[in-house]
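Thanks for coming. I have one structure to go through today, so please look at it on the screen while I talk.

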Amino acid sequence: MAAKVIRERLSGNEAIATAIRQINPDVMPAFPITPSTEIPQFVSSYVANGLVDTEFVPVESEHSAMSATIGASAAGARAMTATSSAGLAFMWEELHIASSDRLPIVLALVNRALSGPININADHSDGMGAKDCGWIQLYAESNQEAYDNMCMAFRISEKVMLPVMVCQDGFITSHAVQNINLLEDAAVKEFVGTYKPDQYLLNAKAPMAAGPYAVTQYYMEARRGVAQAMYDSKDTILAVSKEFGELSGREYGLFEEYCMDDAEYAIVIMGSAAGAAKDACDMLRAEGKKVGVIKIRVYRPFPAKELAEALKGVKVIAAMDRAESFSGNSGPMACELKAALYTAKMTPDVLSMIYGLGGRDITVEDMVKIYEDLMAGNLCCDEIPYRYVNVRE
Amino acid sequence: MKTDISKQGLDVKWKDMTVGCNIVAPGGSVDFHTGEWRVDTPKFIEEKCKQCLLCAPVCPDSCIPVTDGKRAGFDLDHCKGCGICAKVCPFGAIEMMKGVKK
């Protein structure tokens, strides 16, 4: 049953904060860091104005923010936090604990470059740095997608019992104001539902221990359980997304395929820059070129089989990472994409490209040039096995 | 749902472990036999024992039951084989069996 649409214009941070107000989580410990600062700022104003009854905890660091979120979640609360960049890095130890304890926590991540050199602008080095922590990761192209992913995050998390990161690009998405279609408060509340944990520390009728020490004989079995939950979460993500689509009219999969039906040259990308790739794609399609875009929404779990299937028939792929992982091999997403293609016994040319680090612009013209290189077979790399876009040589 | 801690022993398969390793059961440590971790095992030599009871209070895991002022054999369910009891015994009434797990 489609819900009533509220037309608004909001920044990405306002969009996330609006979803949080509608969800009304029980506990939100947070520490400010650019560019996600506005999210806890808006939430604390909601608390002050009585719009939510969230327990907002102004902790002294991100290490404490995630620790307090874990504690609240284990105690039985619907708990979340927000951060960026160095803040996420400071949570790294706790990120693993949240997933290992199988806690349904949501983290609104506003992607920003990691130091150093110190830089406050958009790139994915924070999210990519946390890709192997047992968290589901959803990436958004727009404010609308950030809002929608936030509305879906607790549903996914509480079913799978793994924490979820809702990611959007710093400033580009978080601070730029776009038109957005919101759901009514009641529709979001009904969609998200009431959180009823099976087991929780404050349940006096069933005393429990959380996060126990696991000696050598248990550790691998515990990790194996998380691995299965992560793999299986694809089904839940798709089911929740389908239900959300019926409510909102906005359909989401593991990734978006744009002009991919007969594409021979494809850009695979995540986040806000997908818009520039789609514009370039439209321009080249008007000239009859068989180009397409795949925009990854769900990076964790990595949709390896599904991506390989979607890339069948593609001759040349640009795998574009907004993060440098210093692997000496390729960008982080490009490495995983190549592994996915290898497993599917597919051997298209894959050009790994690093773009947009520390907020460096990437334009539609840049994307056209990338497609032209793919079509001309200009795939050579100098000195390292992947290519930097718009770096001064 | 209450965790049956006796089913979370060292041979538990990954699919049978509790979600998040949570243990929903008060006092679960009684039924969780950490003695499985033992490498060396204490042996009680009753004829040498003078019932001085120096051993019982120094055991970190309450593995030496005392009834009516007298100790009996070991309760090995939680004994890690640390050997403190053998060390404090003045009469050689406790021997550590090296490499014997049971």
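This is a predicted model: local features need pLDDT of at least 70, side-chain atom pairs count only at pLDDT 80 or more; totals for chains, interfaces and linings use all residues.

Start with chain A. Chain A contains 13 helices and 15 strands. Along the principal axes, its C-alpha atoms fill a box of roughly 65 × 55 × 45 Å. For 393 residues, a compact globule would have a radius of gyration near 21 Å, and chain A, with 21 Å, agrees with that. Of those 393 residues, 51% are buried. If you take the contacts in chain A with a separation of 6 or more, 80% of them are between residues 24 or more positions apart.

Now the inside. In soluble globular proteins, nonpolar side chains tend to be buried together. Here the largest nonpolar core has 119 residues, and A:Val166 and A:Ala266 are the members that touch the most others in it. Which helix gives the largest share of this core? That is helix H7 of chain A, residues 143–160, with nine residues. As for where the core sits, domain 1 (5–248) and domain 2 (255–388) of chain A both contribute residues, so the core lies between them.

What does A:Val166 touch, leaving aside residues up to four places away in sequence? The list is A:Val106, A:Ala108, A:Leu109, A:Leu138, A:Ala146, A:Asn149, A:Met150 and A:Ala153.

Next, a sheet in chain A. This is an open sheet of six strands with mixed pairing, in the order S9-S11-S10-S13-S14-S15. The edges are strand S9 (255–258) and strand S15 (387–388) of chain A; each has a single partner strand, so one side of each has no neighbour in the sheet. Strands of a sheet pair through backbone hydrogen bonds, either parallel or antiparallel. Within this one, strand S10 (residues 265–269) and strand S11 (residues 291–296) of chain A run parallel and are joined by five bridges. If you want a place to look, A:Tyr265 stands opposite A:Val291 in S11 of chain A.

On to chain B. It has two helices and four strands. Reading from the N terminus, the order of elements in chain B is β-α-β-β-α-β. Is chain B compact or spread out? Its radius of gyration is 16 Å, well over the 13 Å that the globule rule gives for 102 residues, so chain B is more spread out than a compact globule. The C-alpha trace of chain B spans about 50 × 30 × 15 Å along its principal axes.

Buried residues come to 21% of the 102 in chain B. Among its contacts between residues at least 6 apart in sequence, 63% join residues at least 24 apart.

Last, where the chains meet. Chain A puts 18 residues into the contact and chain B puts in 13 residues. On the side of chain A that touches chain B, helix H9 of chain A (residues 216–248) gives the most, with five residues. By type, the residues on that side of chain A are nine nonpolar, four polar and five charged.

That is what I have. Questions are welcome.

How values were computed
Residues are numbered from 1 along each chain as its sequence is written. Chains are lettered from A and ligands numbered from 1 in the order in which they are written. The radius of gyration is taken over C-alpha atoms; the globule rule is 2.2 Å times the number of residues to the power 0.38. A residue is buried if 20 or more other C-beta atoms lie within 10 Å of its own, exposed if 12 or fewer, and partly exposed in between; C-beta atoms are placed from the backbone. Two residues are in contact if their C-beta atoms, placed from the backbone, lie within 7 Å. Ala, Val, Leu, Ile, Met, Phe, Trp, Tyr, Cys and Pro count as nonpolar, Asp, Glu, Lys and Arg as charged, and the others, Gly among them, as polar. A nonpolar core is a set of buried Ala, Val, Leu, Ile, Met, Phe, Trp, Tyr and Cys residues joined through C-beta atoms within 7 Å. Domain bounds come from an automatic or database domain assignment. Two strands pair if DSSP finds at least two bridges between them.
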